[in-house]
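Hi there,

Here is the structure I promised to pass on, with my notes below it. Please have a look at it first and then read on.

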Amino acid sequence: MNNFKIIKEINNIGSIKQYLIEQNGKNYVLSHAVCNSENNVILRAREVMRVLSNLINIPKVIDCWSKNNNSYLIEEFIDGKKLNKETIQKEDIENIVSQLKKLHNIKCDNTIDKCLILAKMHMENGLLNM
């Protein structure tokens, strides 16, 4: 994904910064982290999102790459409302509970761990297609 415009920083979570970006009139989320090949939180997030995308509705990954100990992930932006105790509605809570129930009902067969191990091996051997 080229020629995007950063609109604003939207999150600063630990070692990951997230930005709302725009390209061709469409909004996306750009995540950026400084990391090394052994601790690449962006690649880990991409693999987790890939596995979870088959199980629950989450944003789709558009692009992911690493360069000079910087890793980037662009995902679709899903506009929603921010929840707080003054504005939260019953249907908001029901939606959150529904998504959490799906996550908790996932049969744990170490699929995510297997994907992460495989991704690490590919990264170490220079086989990632970024």
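By a nonpolar core I mean a set of buried Ala, Val, Leu, Ile, Met, Phe, Trp, Tyr and Cys residues joined through side-chain atoms within 4.5 Å. Buried stands for under 20% relative accessible area, exposed for over 50%, and partly exposed for what lies in between (1.4 Å probe, protein chains only). With that in hand, the largest nonpolar core has 10 residues: Ala33, Cys35, Ile42, Leu43, Met49, Leu52, Ile56, Ile58, Cys64 and Leu73. Helix α1 (residues 41-53) gives the largest share of this core, four residues. A second, separate core has five residues, among them Tyr19, Ile21, Tyr28 and Leu30. In soluble globular proteins, nonpolar side chains tend to be buried together.

Before going further, a word on where this comes from. This is a predicted model, in which local features need pLDDT of at least 70 and side-chain atom pairs count only at pLDDT 80 or more, while totals for chains, interfaces and linings use all residues. Residues are numbered from 1 along each chain as its sequence is written, and side-chain values use heavy atoms, with hydrogens and water left out.

**Overall layout**

The protein chain contains three helices and five strands, and from the N terminus on its elements run β-β-β-α-β-β-α-α. Helices (H or I, at least four residues) and strands (E, at least two) are DSSP runs, numbered from the N terminus. Of the 130 residues in the protein chain, 25% are buried. Contact here means heavy atoms within 4.5 Å. Among contacts between residues at least 6 apart in sequence, 46% join residues at least 24 apart.

**The sheet**

The five strands form an open sheet in the order β1-β2-β3-β5-β4, with antiparallel pairing; two strands pair if DSSP finds at least two bridges between them. At the edges are β1 (5-13) and β4 (61-67), each of which pairs on one side only. From one strand to the next, the twist averages 20 degrees. Axes are lines fitted to C-alpha atoms, for helices over the stretch in contact, and angles run from 0 to 180 degrees between N-to-C directions. Helix α1 packs on the sheet and touches β2, β3, β4 and β5, its direction making about 30 degrees with that of β5.

Strand β2 (residues 16-23) runs antiparallel to strand β3 (residues 26-34), and eight bridges join them. In this pairing Glu22 stands opposite Asn27, and Gln23 stands opposite Lys26. The two strands form a hairpin with two residues between them, and Asn24 in the turn has a positive phi of about 50 degrees. On to the next pairing: β3 and strand β5 (residues 70-76) are antiparallel over seven bridges, with Ala33 opposite Ser71.

Over on strand β1 sits Ile6, which is partly exposed at a relative accessible area of 46%. Leaving aside its neighbours within four places in sequence, Ile6 is in contact with Tyr19, Leu20 and Ile21. The C-alpha atoms of Ile6 and Tyr28 are separated by 9.6 Å, with the two residues 22 apart along the chain.

**Side-chain pairs**

How many aromatic pairs does the structure hold? There is one aromatic pair. The rings of Trp65 and Tyr72 have their centres 5.1 Å apart and their planes at 20 degrees, so the pair is stacked. The cut-offs: rings of Phe, Tyr and Trp (its six-membered ring) pair if their centres lie within 6.5 Å, and planes under 30 degrees apart count as stacked, over 60 as edge-to-face and the rest as tilted.

There are also two salt bridges, a salt bridge being a side-chain nitrogen of Lys or Arg within 4 Å of a carboxyl oxygen of Asp or Glu. One joins the side chains of Arg46 and Glu47 (3.4 Å, N to O). Arg46 counts as buried at 15% relative accessibility, and Glu47 is buried too, with a relative accessible area of 9%.

Lys90 and Glu94 form a salt bridge as well (3.7 Å, N to O). These residues are about one helical turn apart because they lie four residues from each other in helix α2 (residues 90-104). Lys90 counts as exposed at 61% relative accessibility, whereas Glu94 counts as partly exposed at 44%.
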